[in-house]
Amino acid sequence: MPQSMLRTRRTLSILLFFFIFTPLFLTAQIERAVIKGVVKDLATKEPVFGAAVFVEGNETSGVITDIDGKYNLNLMPGKRKLIFRMVGFEAQEFTFDFVPNEQKVMNVELKSNVKQLKTFVTTAGKYEQNIEQLTVSMEVLKPNIIENKNTTTMIDALQQVPGVSIVNNEPQIRSGSGFSFGAGSRVMILIDGLPILSGDAGRPSWGFIPTENVEQVEVIKGASSVLYGSAALSGVINIRTAYPRDTPQTKINVFSGLYNNPRNKDAIYWGKNNPIYTGVNFFHSRKIKQFDVVIGGNIFNDNGYKGPTPVNVSDTTFNPLAEQRGEFENRARLNANIRWRSKKTEGLSAGVNVNAMLSRSASALLWLNPDSGMYRAYPGSLTQTLQDVYYIDPFIEYVGKKGFRHSLKNRFFHLNNNNDNNQSNTSDLFYSEYQLQKQIQKGFLKRLTINAGLVHQFTKGVSDLYKGNISDTITSAASSSNRNIAAYAQIEKTFFERLTISAGARYEHFSITSPRINPEDSVLTSKEGKPVFRAGANLKIHKATFLRVSFGEGYRFPTIAEKFIKTAVGPIRIYPNDSLKSESSWNAEIGIKQGFKIGNFLGYFDIAVFRQKFADNIEFNFGQFGTFADPLFGLGFGSLNIGRTQVTGIDASIMGLGKIGKTQIALLAGYTYSNPISLEKNLPYPIKSLDNKFVTYAGSSSDSTGNLLKYRLQHLLKADVELTRAKWSIGVSVRYNSYMKNIDKIFVDLDTLFVQAAQLLGGPPSPLPGLGKYREANNKGVYVADLRISYQLSKGMKLAVIINNLLNEEYTIRPMVVEKPRTTALQFTMEF
């Protein structure tokens, strides 16, 4: 190559080097300016999380405020216009002339521009979202209902949530589940996003939930297994606890009430000493430098309204302090949330949440009879329990400057039920979840959120119950364990400020060990893995009109209790089924949410049509699980896969808050119709009846008309409205439960069976529960109304009267368990 050409190429290379790197070098030498501060809500003075801060014309180089509303932005010197923007607020603009190395502090308060009700939730996508933009159906229960209804357990409040029913402590969403004697749940119960179902049986302890410290309750209706795993087959109930505001807060709530005499005067067992209940809740929260501290607690004493089994039916003696006094509950609970926010490392926070409870209680599974024994326990069905339960939740979270959010949440959950009838059980649950989240607010991927996580859960259960097919002659408790390991990911993207699309997937591996008495005993381990998927879309078709569609898969692995429990409650025998398979489902819905504004009253109306199909559906069923040598010839209940089932229905709700004239109004109401059916009514189950025929859905149902599944309420109507004016407030709650058409046929036939058994064996028959005649006489739905009236004595002091079951209806939801008669309570609340 000629020398001249080499020199030319060398010269061009040098010039190219300078053209490329000189601007970068010069830029690096320019000392940049820094502006930082806190963005708050002008009305509430609370930090605004997720607000965008950027220089006009260069939005892609902006930053997002962290959980404390803080931001830190580096920018070039010179005259710059800064923009602070957040959905639901008016944008703020400020112009500054920055000099090199300048560090400026700028705190900003954003003014709300809301023209419709704004409700923000975290459960649907594991990050904060506006409820109107969700791709799934969700209801939100605000803390005012929980407090003002004098809620002693979360059940009282959840009964007002549209689409939700509680059948003898077991939650149902849109008829997605029946009754299972406390073993297994298709609704995942969470506190602060972490599971609170017992690890061995999959059931909640409702009195353990800290009702005194609730930010709000969020209920997802539909399969939610992608984000929340096994047990979220039909939905999720997430109780979010509160962290401190800038102003310290203390609240004390004292109440006392009594059970009124029921309509059936022959059933009154307490004479002139009506049972009473009393309690006190307290709550304190404050910020101490970089610490957020919350402390709360509850003391509760309830005499109960169901008495002991009488020596004879005419025995009406009642001593509320006696050991054998029937149902009762005494509990003491203490909880604390502590969060530390680092000053040195921006975006870093860590803490621990704890909750502990000691309780002593007795519960009756069955009534004595529907007449004078309606409020009495059937012989052998009353269980006394000493319970200690607690969880410890250490966590750490870091939000980086590039928008990546890392969180590690853990829960150790211990539950010990010391029962008096050889049914004690202890379970320890270890749960860990690492979550990575990225919200992109610039470029083509603007308004894209990515969520991914890893989950590990391990449970060890020890119980007299979990012996499975181990010999009954062994008196030692047996132990079993299960383990879940999962990975999930979900993305959500908003296009053109109108269309939101989400999609996610999860893979979960499950294993469970058979019971063993001694550590050296051999065990069998069952293993299974399952992927699930979901997708959804939400389209803003008008100013306050949002159309959504969603599809989601769900699954549930059997619990230790369902596979291995073996016990008896009164005349009822419970048997194990170690061949029980997991159940799965898919859920599809289309819905529309319409915002509205009437004067200063803002609200939403929501309606959805849904369908959920199950495969290998798990239900509790009656049949001959044992042998003829066993009690009652081996007849009893156990968990079975009953084949394919389906639930179709419509769900409508309305929520509103605001003022009409001088009256403040809060409204939550809804109606749900569901048609839960068996798609394989003649499928033979792997158990037989006494006539040596295989049990089927049709043959085991009290009423198989329309192939309705058992223990479902087809029609649910809920409404709660509270009016406040000046110092007075009045609230009314109404619930309608339709007649439970189909239950296990054996319950209806118990009287006949007991008489025949007595004739066969000789001697008098067992007490007759009388359910068949009761259902013939009470085959309609029931309306239940509650009333509350309060008066503001002074700033921070309130006195209230709460009357539940105002009309003193006498009714059952689960057969042979009568609900509470009218109760009247006085409540005093002090807040400062």
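The structure described here is a predicted model, in which local features need pLDDT of at least 70 and side-chain atom pairs count only at pLDDT 80 or more, while totals for chains, interfaces and linings use all residues. Residues are numbered from 1 along each chain as its sequence is written, and side-chain values use heavy atoms, with hydrogens and water left out. Helices (H or I, at least four residues) and strands (E, at least two) are DSSP runs numbered from the N terminus.

Aromatic rings are considered here to begin with. A pair of aromatic rings is described by the distance of the centres and the angle of the planes. Rings of Phe, Tyr and Trp (for Trp, its six-membered ring) are taken as paired if their centres lie within 6.5 Å, and planes under 30 degrees apart count as stacked, those over 60 as edge-to-face and the rest as tilted. Under this rule there are 27 aromatic pairs. In one of them, the ring centres of Trp367 and Tyr774 are 5.1 Å apart and the planes stand at 80°, so the pair is edge-to-face. Because Trp367 belongs to the loop between strand E22 (348–364) and strand E23 (382–399), and Tyr774 to helix H8 (residues 771–777), this pair ties together parts that are 407 residues apart in sequence. Trp367 counts as buried at 2% relative accessibility, and Tyr774 is buried as well, with a relative accessible area of 12%.

The pair of Phe412 and Phe430 has ring centres 4.8 Å apart and planes at 40°, so it is tilted. Phe412 is in strand E24 (residues 404–419) and Phe430 in strand E25 (residues 425–440), so the parts that this pair ties together are 18 residues apart in sequence. Phe412 is partly exposed, its relative accessible area being 22%, and Phe430 counts as partly exposed at 40%. Elsewhere, ring pairs link Tyr71, Phe84, Phe94, Phe96 and Phe98 into a cluster. Charged side chains also meet rings, a charge being placed over a ring if NZ of Lys or CZ of Arg is within 6 Å of the ring centre and within 35 degrees of the ring normal. Arg174 lies over the face of Phe610, at 4.4 Å from the ring centre, and the charged end of Lys688 sits over the ring of Phe694, 4.9 Å from its centre.

A nonpolar core is a set of buried Ala, Val, Leu, Ile, Met, Phe, Trp, Tyr and Cys residues joined through side-chain atoms within 4.5 Å. The largest such core has 58 residues, and those with the most contacts inside it are Phe181, Tyr466, Phe637 and Phe747. Helix H7 (residues 745–761) gives the most to this core, contributing four residues. Apart from this core lies another, of 53 residues, among them Ile131, Leu194, Tyr228 and Val236. With contact meaning heavy atoms within 4.5 Å, and residues up to four places away in sequence not counted, Tyr466 touches residues including Asp200, Asn425, Pro515 and Phe564.

Asp393, found in strand E23, is buried with a relative accessible area of 3%. Its side chain makes a polar contact with the side chain of Arg411 at 2.6 Å; a polar contact is a pair of N or O atoms within 3.5 Å, where, within protein, one must be able to donate a hydrogen and the other to accept it, and residues adjacent in sequence count only if both atoms are side-chain atoms. Not counting residues up to four places away in sequence, Asp393 also touches Leu194 and Phe412, among others.

Strand pairing is described next, two strands being paired if DSSP finds at least two bridges between them. Strand E34 (residues 600–615) runs antiparallel to strand E37 (residues 645–660), to which 15 bridges join it, and Gly603 stands opposite Gly656 in E37. E37 pairs in turn with strand E38 (residues 663–678) in the antiparallel sense over 16 bridges. These two strands, E37 and E38, form a hairpin with two residues between them, and Gly661 in the turn has a positive phi of about 70°. An open sheet of five strands has the order E11-E16-E17-E14-E15, with mixed pairing.

How values were computed:
Buried < 20%, exposed > 50% of the residue type's maximum accessible area, 1.4 Å probe, protein only.
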